[in-house]
Amino acid sequence: MLIKCSGGASRRIMLYHWLFTIKFMYLMCFAAGQNNSNIEQLLGYRYVCLDQSSVPPSSTYQTNLNNLLSSLSSDSATSNGFGNRTSGNDQSNMVYGLYTCRGDLNTSLCHQCIQNTSRLLMAACPNNASAILWYPSCLLRYSNQNFFGKLTMTPRIPMVVDSQNSTSGLDFDSDARVLMNGLIQMVSDTPLMFGTHMFNINGTQRRYGWVQCCRDISSEECRTCLSYLLEAVQGCCEQKSVWRVFSPSCFMMYETQAFYLNDTTLPNAPRPQQVMQKDGIRPMFSEDHTDIEETVNADLPMMPLSTIIQSTDNFSDECKLGKGGFGPVYKGVLPGGKQIAIKRLSKTSGQGVEEFKNEVTLIAKLQHRNLVRLLACCIEQNEKLLIYEYMPNSSLDFHLFDMVKGAQLGWKQRLTIINGIAKGILYLHEDSRLRVIHRDLKASNILLDHEMNPKISDFGLARIFLEDQREANTNRIAGTYGYMAPEYVRGGLFSVKSDVFSFGVILLEIISGKRNSGFCHSEHSQTLLMHAWKLWCEAKALEMMDPVLEETCVAREVLKCIHIGLLCVQQDAADRPTMSSVVHMLASDAVTVQEPAQPAFSVASVDMERESSSNASVHYTVNEITVTEDIPR
């Protein structure tokens with residue numbers, strides 16, 4: 001049945017033609033002389049007939065259209081899954097056509113899909129100057145107007161294939177959106193603009209996603225188009241197990257069954273298992289990767305090593321950003337221009353292996369505007385790499401403790417950074433699907449985006465708490481000198497209050513522009529914390545403020561932040577506020593805040609043996625304690 005929606009005499013749109021019959025598909029395949037069961041695992045398509053004029057196309061246009069479709073069909077037999085052509089010499093009768101095949105189809109299956117789509121489209125829209133037909137495996141489009149290279153997001157056609165609600169118990173925002181948003185960011189920068197992925201819900205149920213763009217639009221337009229489609233799901237398909245959304249320039253599907261094709265990729269295309277982990281079949285790795293690979297969470301896409309090598313100029317020194325907790329960090333530029341940061345595990349770092357496994361399995365589950373986003377990972381040819389969004393403004397310490405750059409951080413900007421860090425930690429502690437203790441919060445682990453918004457990074461030491469768990473103990477203490485809570489250093493005891501302590505240190509560093517580690521004052525204590533406490537008790541707290549803030553600060557806001565910072569670094573963990581209280585105190589001037597007690601003594605009193613050093617940090621070992629001291633750059 002055809003449903004015609006009239007939009008005026010000059011335009012008729014025929015929407016929502018739905019065929020879901022095996023018999024009809026069998027007849028189609030028989031007419032084509034071949035069995036297309038490998039092409040259409042999900043039997044269904046949508047088409048739209050678009051008139052640009054109330055007058056039916058001329059016979060010359062129809063002839064040009066027939067020639068165009070024949071040409072596109074022939075081209076698909078030898079192409080890499082995408083092509084556009086024109087037919088006709090007279091502008092008034094010119095016809096423009098384009099086809100796109102799904103990225104995991106080989107040329108033979110692509111050709112069969114375009115052949116069948118051509119027949120269906122001619123039958124469905126016999127007297128229309130423009131038309132589009134979407135299959136789960138390919139798209140075919142023609143028009144009397146030149147649409148090549150133009151982002152076209154309408155008509156936007158959502159389709160619920162399975163009317164049953166999802167049985168996962170999770171709504172669209174909490175799982176499908178995370179998956180599809182991750183795919184959108186990943187595939188928009190790949191040559192094929194195509195990606196698929198399998199992920200687990202609650203560890204028991206699988207979902208399969210697919211997104212793709214026509215390759216005549218830019219990477220940025222691809223992201224825009226796919227994000228626009230994702231909006232259509234709400235109000236139509238949320239909590240549904242199976243849905244699809246189509247537009248002229250991009251399309252996506254969300255399924256309960258695997259629908260990708262294995263080992264049938266197009267020539268010169270990455271193999272499906274290199275693009276995304278899927279179908280529960282993991283890529284082949286060497287034996288020394290097995291232990292790590294088994295921990296890779298199904299939420300996380302895999303990026304081919306060849307792409308990373310190309311993006312970093314084979315890990316050249318010019319692309320090196322610095323050295324992280326378990327190896328160097330590089331800047332990479334993907335073919336579409338997207339910038340990424342790559343953490344490369346040092347092959348001699350045993351500790352780094354554990355951090356790598358922990359970060360892969362943990363941060364892929366976390367999504368917040370104040371957490372750095374993990375895009376993908378790579379475990380291939382003895383390489384272990386994490387791919388993050390690139391932060392153009394480096395880390396907080398890079399700006400805060402530099403005389404020139406620090407002078408450019410006004411009070412308003414610093415307050416924004418303080419609030420952002422607090423909200424990120426609150427998400428980890430209370431609002432995420434997991435209850436996470438970071439354990440290594442410090443200024444160098446706060447990255448800044450292009451607008452100087454803070455994003456917490458480096459989850460190699462993070463730990464997950466059960467819902468009713470309040471604290472834990474460890475024999476392997478690892479963290480950074482100057483930021484670790486006293487109960488953690490002395491007894492290995494950590495909790496959400498350990499992170500609160502670290503946040504308090506960062507807050508006081510932001511206000512003063514001084515590091516807690518290595519801070520020295522001739523009249524007061526050796527630490528920034530004791531210096532702040534001494535001034536607070538003398539009602540001179542503003543004297544600890546960075547002098548560059550004098551012209552931009554709001555005194556009451558600075559005093560409130562110092563007050564909150566001192567509450568966070570109190571000796572007794574039970575006296576420290578929760579992060580929800582911290583966020584509330586920062587946001588309101590009407591909250592009654594208790595007086596702080598004396599802060600914890602410096603960890604500097606512990607006798608430490610220097611183990612190794614680098615330009616960026618110094619590592620110490622105290623019995624079973626591993627401590628990192630940040631050194632000014």
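This is a predicted model: local features need pLDDT of at least 70, side-chain atom pairs count only at pLDDT 80 or more; totals for chains, interfaces and linings use all residues.
Local features were considered at pLDDT of at least 70 and side-chain atom pairs only at pLDDT 80 or more, whereas totals for chains, interfaces and linings use all residues. Residues are numbered from 1 along each chain as its sequence is written, and side-chain values use heavy atoms, with hydrogens and water left out.

The protein chain contains 17 helices and 27 strands, these being DSSP runs numbered from the N terminus (helices, H or I, at least four residues; strands, E, at least two). Of its 633 residues, 57% count as buried; buried denotes under 20% relative accessible area, exposed over 50%, and partly exposed in between (1.4 Å probe, protein chains only). Among contacts (heavy atoms within 4.5 Å) with a separation of 6 or more, 68% are accounted for by residues 24 or more positions apart.

The structure holds 14 salt bridges, each defined by a side-chain nitrogen of Lys or Arg within 4 Å of a carboxyl oxygen of Asp or Glu. One of them joins the side chains of Arg223 and Glu220, with an N to O distance of 2.7 Å. Both residues belong to helix H5 (residues 219-233), where a spacing of 3 residues separates them by about one helical turn. An α-helix has 3.6 residues a turn, so residues three or four places apart point the same way. Arg223 is buried at 15% relative accessible area, whereas Glu220 is partly exposed at 49%.

A further salt bridge connects Glu389 and Arg373 (3.7 Å, N to O). Glu389 is located in strand S17 (residues 383-389) and Arg373 in the loop between helix H9 (350-363) and strand S16 (374-380), so the pair ties together parts that are 16 residues apart in sequence. Glu389 is buried, with a relative accessibility of 13%, while Arg373 is partly exposed at 24%. The side chains of Glu487 and Arg576 also meet in a salt bridge, at 2.9 Å from N to O. This pair links distant parts of the chain, 89 residues apart: Glu487 lies in helix H13 (residues 486-491), and Arg576 in the loop between helix H16 (555-568) and helix H17 (579-587). Both Glu487 and Arg576 are buried.

The structure holds 7 cavities of 30 Å³ or more, and the largest cavity contains about 80 Å³ of space. Its lining includes Arg439, Asp440, Tyr483 and Ser498. Strand S23 (477-480) and helix H14 (496-512) each contribute at least two lining residues, with H14 providing the largest share, 3 residues. This lining divides into 5 nonpolar, 4 polar and 3 charged residues.

Two local elements complete the description. In helix H15 (residues 528-537), 8 of the 10 residues are buried, so the helix is largely enclosed by the rest of the structure. Trp533 and Trp536 are among these buried residues, and their cover includes H14 and H16. Ala539, which follows H15, has a positive phi near 60°. Gly322, in strand S13 (residues 320-323), is partly exposed at 26% relative accessibility. Leaving aside neighbours within four places in sequence, Gly322 is in contact with Pro328 and Val329. The C-alpha atoms of Gly322 and Lys343, 21 residues apart along the chain, are separated by 9.6 Å.

Notes. On a 1 Å grid over the protein atoms alone, a cavity is a set of points where a 1.4 Å probe fits but cannot get out, and a pocket is an open set with protein on both sides within 12 Å along at least five of seven lines; lining residues have an atom within 4 Å of a point. Grid points are joined across faces, edges and corners, and a volume is the space filled by probe spheres set on the points. Ala, Val, Leu, Ile, Met, Phe, Trp, Tyr, Cys and Pro count as nonpolar, Asp, Glu, Lys and Arg as charged, and the others, Gly among them, as polar.
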